[in-house]
Structure formats: C-alpha cells, structure tokens
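Please have the sequence and the coordinates open while reading.

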Amino acid sequence: MTGEEIVSLCKKHTIFEWSAQDAVDPIPVARAKGVYFWTPEGKRFIDFNSQLMCVNIGHGDERVIKAIQEQAATLAYANPFMATEPRARLGAKLAAITPGDIDVFFFTNGGAEANENAFKIARAFTGRQKILARYRSYHGGTAGAIAATGDPRRWSQPPMPGVIHVLDPYHGIERGWDDTADALAYLEEVIVLEGPQSIAGFVLETVTGTNGVLVPPDGYLQGVRALCDKYGIVMIADEVMAGFGRTGEWFAVNHWNVVPDLITMAKGLTSAYVQLGAVGVRRHIADHFARTPFPGGLTYNSHPLACAAALAAIDVMEQDDLVARARTTGKLMATMLAELAGHHACIGAVRSIGLFGIVELVRNREKRTPLAPFNGTSPEMAALGKFFRDEGLYTFVRWNYFFTNPPLSITEAELREGFAIIDAALTITDTSIA
C-alpha cells in the first residue's frame with residue numbers, strides 16, 4: 001500500500017488515541033531498523049523518541065525477532081493458570097535485575113494494567129483504600145490508572161473515589177523547583193490531613209515522563225521512602241517509561257538507592273516488540289497472597305510469546321551493554337543539550353538523565369514565559385514540529401517542550417545527526433520570537 005492509502009484506511013476505520021480525529025495527520029510507517037524508520041515511499045526518519053519511549057534496543061533486532069518466531073512455532077499461548085518455560089525464566093530474570101528484594105511478578109498487557117494491579121495489591125495488603133498520586137504524572141488510560149494520572153488526559157473522566165493528588169516539587173518553567181525539604185514537608189502534611197491510616201499507596205513516576213522528564217531533586221525519593229515507611233504506605237514506583245536502561249540504570253530508582261514496595265514496568269521490558277507489562281512485588285507483600293486470593297486476573301497474563309520477547313530483549317541489553325551505553329551516551333547528550341541552551345535564546349531549560357531528555361522553550365528568558373501554555377500549543381511550537389517532520393526527525397512535541405529519547409543503541413554519529421536537525425529548527429524558533 002502507499003502511504004496515502006494506509007493513512008486513509010487507518011483514519012476511516014480506526015481511532016487514534018488522545019486526538020480529535022479530524023486533526024490527526026499520522027506518519028505512515030512501512031519498516032524500521034536500528035534508530036530509523038521509513039515510509040512506504042522511502043522517506044527516512046531518525047527516531048528520537050524510541051516511538052513511545054519504548055523501543056530501547058532499537059528497531060528490527062534479529063535476535064528478538066528470532067526468539068518471537070521460535071516461541072510462536074513452539075507454544076503461542078497457554079492460559080494463565082498454566083506454567084510455561086518463558087514465564088518461569090522471565091520471573092527469575094526480573095528477580096535478578098530489579099532492586100532489592102523485589103522478586104515476585106504479576107504479568108499484564110501493558111503499563112496501565114500494571115498500575116491498576118499495583119493499586120489492587122496495595123489495597124489488599126494494607127486493608128486501606130486511598131491512593132496518593134502526583135499532578136504532573138501519567139499512569140495509563142484505564143479507569144484506575146487514568147484516575148491516578150494528574151495531567152489533563154484525566155480531565156474528561158469522572159473522578160474516582162479514593163484517589164488524592166498532590167503537587168510535585170516542580171511547578172513549571174516560570175516557578176521552578178521546591179527544595180527537597182519543602183517538598184517533603186508538604187507531602188507529609190497532606191498525608192496527615194488525609195489520615196495515614198486510610199492511605200494504601202503512593203504512586204509516582206520515579207522520573208516523570210511525558211509531563212517533563214522531571215528528575216527528582218537529591219533526597220526526594222529517599223524522603224518519600226521514609227514517609228511511606230513511617231506511615232505504613234506502599235511505595236509504588238512507576239518505571240513504565242524510566243525502566244530498562246532509559247536513565248543509565250536498569251531502573252531509575254537505582255540512582256538514589258531506593259527500593260520501592262512495588263515497581264511497575266512495560267515499554268522497555270520487551271522494547272515494545274510484543275506488548276507486556278509487569279508489577280514487581282517485594283517478598284513480604286507477595287507472601288500476603290500465599291493464603292489470600294490474589295485480586296486480579298487477565299486472559300493474557302504471562303503470555304508465553306510476550307515473555308519470550310522480554311527475555312530476548314533483556315538478553316540483547318546485556319549482550320550489547322546498553323545500560324552502560326545509555327549512561328555514557330547520556331553524558332554526551334547532556335553536554336549537547338547544554339550547548340543548545342547556550343546557543344538558543346528560546347531555550348528556558350534542558351533536563352536529562354541517561355538518554356531521557358527534554359528541552360523546554362520560552363518566549364523570554366528573563367520572564368521565563370513558556371512558548372506554549374499548559375495543555376496548549378502555539379504557532380511557534382507547531383512550526384517546530386512541522387520542521388522536525390519535514391527534515392526527517394521524529395520526536396514528541398508537547399506544549400512548550402520536546403523530547404530527546406532515542407534508542408539506547410544510538411551511536412554518537414546518529415545522535416549528532418538528530419541534534420543537527422534540532423539546532424537548525426531552534427535557529428528558526430529564535431528568529432520567530434526575536
């Protein structure tokens with residue numbers, strides 16, 4: 001099919017997420033390899049967002065493709081009441097790479113369901129009902145996960161009883177950051193006012209993803225861990241986006257030597273070759289379900305094809321040393337982001353950790369006025385996105401920022417290729433706001 005035919009039929013017969021359908025203008029994709037993908041007509045894009053921050057090992061890795069093919073030929077499906085070799089091996093492998101004494105896993109179809117089941121586990125274990133979550137967050141589109149989400153994607157849905165939102169240490173480009181002590185004092189005040197005995201869990205993205213690549217200030221996660229311990233609250237680390245090497249560690253919590261009670265994952269778990277999510281559970285919480293029925297189930301729980309893909313993707317990460325490469329290349333990317341900030345008046349802030357990066361744009365550096373409003377866009381941001389697309393760079397442009405989240409396998413030459421396009425785009429943006 002031609003690109004035009006693909007787009008026409010997709011728009012006629014399928015629904016694109018989070019979008020007014022008349023405004024959707026998708027890129028038709030025919031194939032992908034490494035850090036690139038192509039349209040049917042052969043236009044090449046460098047993937048600077050790893051699609052949805054998930055193709056961590058890069059596109060088209062033959063080792064993962066072979067593992068999927070072999071598993072499909074051997075055993076494509078077994079129901080979740082059965083035990084399979086891929087399920088057994090993946091559980092053991094994740095127990096070896098996740099933090100601390102997290103060594104029991106419930107497998108789901110993706111990140112949203114992982115968070116849904118984390119909430120169920122926290123409530124069942126504590127006997128409490130409330131879930132604390134932060135405003136600048138996204139935890140998934142299913143009922144419980146979207147209720148815990150803080151960003152505007154939640155607004156169209158009715159509030160769910162028992163979900164309490166708290167402010168983040170970051171308050172936007174104009175106000176900036178709270179210091180750690182103030183952020184933790186505020187959080188504890190909310191806990192006390194809500195009644196600690198009523199709070200089952202606190203879910204937070206270890207490094208906030210689509211709401212700004214917000215790297216927590218030093219001491220914040222340690223303080224959250226201490227507050228959860230003090231009040232008997234289950235700490236739930238949402239690592240759906242930040243996990244599997246994205247930040248230069250297997251899991252982002254490792255940067256701060258914190259062990260959450262539950263850890264949710266998806267995306268990089270299989271590098272999105274097959275859909276799979278998981279909740280990792282500390283042993284003392286998992287033991288609660290030895291004689292108490294587990295409060296969840298899914299037809300595709302522990303799907304053997306997905307488990308085989310995850311094992312292969314993790315093996316690729318180990319063979320190619322991608323976690324260490326993300327750390328090393330991430331340092332280079334941080335330098336390149338800083339250089340961009342030094343050259344372009346439209347940049348208000350850059351942030352990154354490993355290969356998880358973002359550029360926030362402003363109209364005026366002194367006033368730090370964002371180049372687009374919260375939950376909105378502007379002609380300048382629209383023009384930036386169009387330039388990226390025209391020049392063959394794919395990334396997310398959202399509100400007043402855009403992302404730099406390439407596959408962990410990216411080379412220095414490929415990284416510089418992408419940054420050259422970004423530099424040219426920002427030169428035009430500088431002129432538009434001068």
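In the hairpin of β11 and β12, with two residues between the strands, Gly354 has a positive phi near 60°. The model is predicted, so local features need pLDDT of at least 70 and side-chain atom pairs count only at pLDDT 80 or more, while totals for chains, interfaces and linings use all residues. Residues are numbered from 1 along each chain as its sequence is written, and side-chain values use heavy atoms, leaving out hydrogens and water. Helices (H or I, at least four residues) and strands (E, at least two) are DSSP runs, numbered from the N terminus.

**Strand β12 and its partners**

- Strands count as paired if DSSP finds at least two bridges between them.
- Strand β11 (residues 347-353) runs antiparallel to β12, and six bridges join the two.
- Within this pair, Val350 lies opposite Val359 of β12.
- β12 also pairs with strand β16 (residues 401-404), in the antiparallel sense and over four bridges; here Glu360 faces Tyr401 of β16.
- Strand β13 (residues 369-370) is joined to β12 by two bridges, again antiparallel, with Pro370 of β13 as the bridge partner of Val362.
- The hairpin of β12 and β13 has four residues between the strands, and Arg368 takes a positive phi near 55° in it.
- Seven of the nine residues of β12 (residues 356-364) are buried, that is, the strand is mostly covered; buried means under 20% relative accessible area, exposed over 50% and partly exposed in between, with a 1.4 Å probe and protein chains only.

**The seven-strand sheet**

- An open sheet of seven strands has the order β4-β10-β9-β8-β7-β5-β6, with mixed pairing.
- Its edges are β4 (102-108) and β6 (163-166); each has a single partner strand, so one side of each is left without a neighbour in the sheet.
- On average, neighbouring strands of this sheet are turned by 20° against each other, direction ignored.
- Strand β9 (residues 262-265) and strand β10 (residues 277-282) run antiparallel and are joined by four bridges; Met265 stands opposite Ala278 in β10.
- Helix α8 (residues 220-231) packs on the sheet and touches β5 (130-134), β7 (199-205), β8 (234-238) and β10, where contact means heavy atoms within 4.5 Å.
- The direction of α8 makes about 170° with that of β7; angles run from 0 to 180 degrees between N-to-C directions, and axes are lines fitted to C-alpha atoms, for helices over the stretch in contact.

**The four-strand sheet**

- Four strands make up another open sheet, ordered β1-β2-β3-β14, and its pairing is mixed.
- β1 (31-33) and β14 (393-394) are the edge strands; each has a single partner strand, so one side of each lacks a neighbour in the sheet.
- β1 pairs with strand β2 (residues 36-38) in the antiparallel sense over three bridges, and Trp38 in β2 is the bridge partner of Arg31.
- Helix α13 (residues 412-433) packs on this sheet, touching β2, β3 (44-47) and β14, and its direction makes about 105° with that of β3.

**Helix α10 and its two neighbours**

- Helix α4 (residues 85-97) packs against helix α10 (residues 304-319) at an angle of about 40°, with the axes 9 Å apart.
- α4 and α10 are therefore oblique to each other; under 35 degrees counts as roughly parallel, over 145 as roughly antiparallel, 65 to 115 as roughly perpendicular and the rest as oblique.
- Residues in the contact include Leu90 and Leu94 of α4 and Leu311 and Ile314 of α10.
- By class, the contact of α4 with α10 has ten nonpolar, no polar and four charged residues; Ala, Val, Leu, Ile, Met, Phe, Trp, Tyr, Cys and Pro count as nonpolar, Asp, Glu, Lys and Arg as charged, and the others, Gly among them, as polar.
- The axes of helix α3 (residues 62-74) and α10 come within 9 Å and cross at roughly 155°, and the two helices are therefore roughly antiparallel.
- Among the residues of this contact are Val64 and Ile68 of α3 and Ala308 and Val316 of α10.
- The contact of α3 with α10 divides into eleven nonpolar residues, two polar and one charged.

**Gly127**

- Gly127 lies in the loop between α5 (111-126) and β5.
- With 59% relative accessibility, Gly127 counts as exposed.
- The C-alpha atoms of Gly127 and Ser198 are separated by 8.5 Å, and the two residues are 71 residues apart along the chain.
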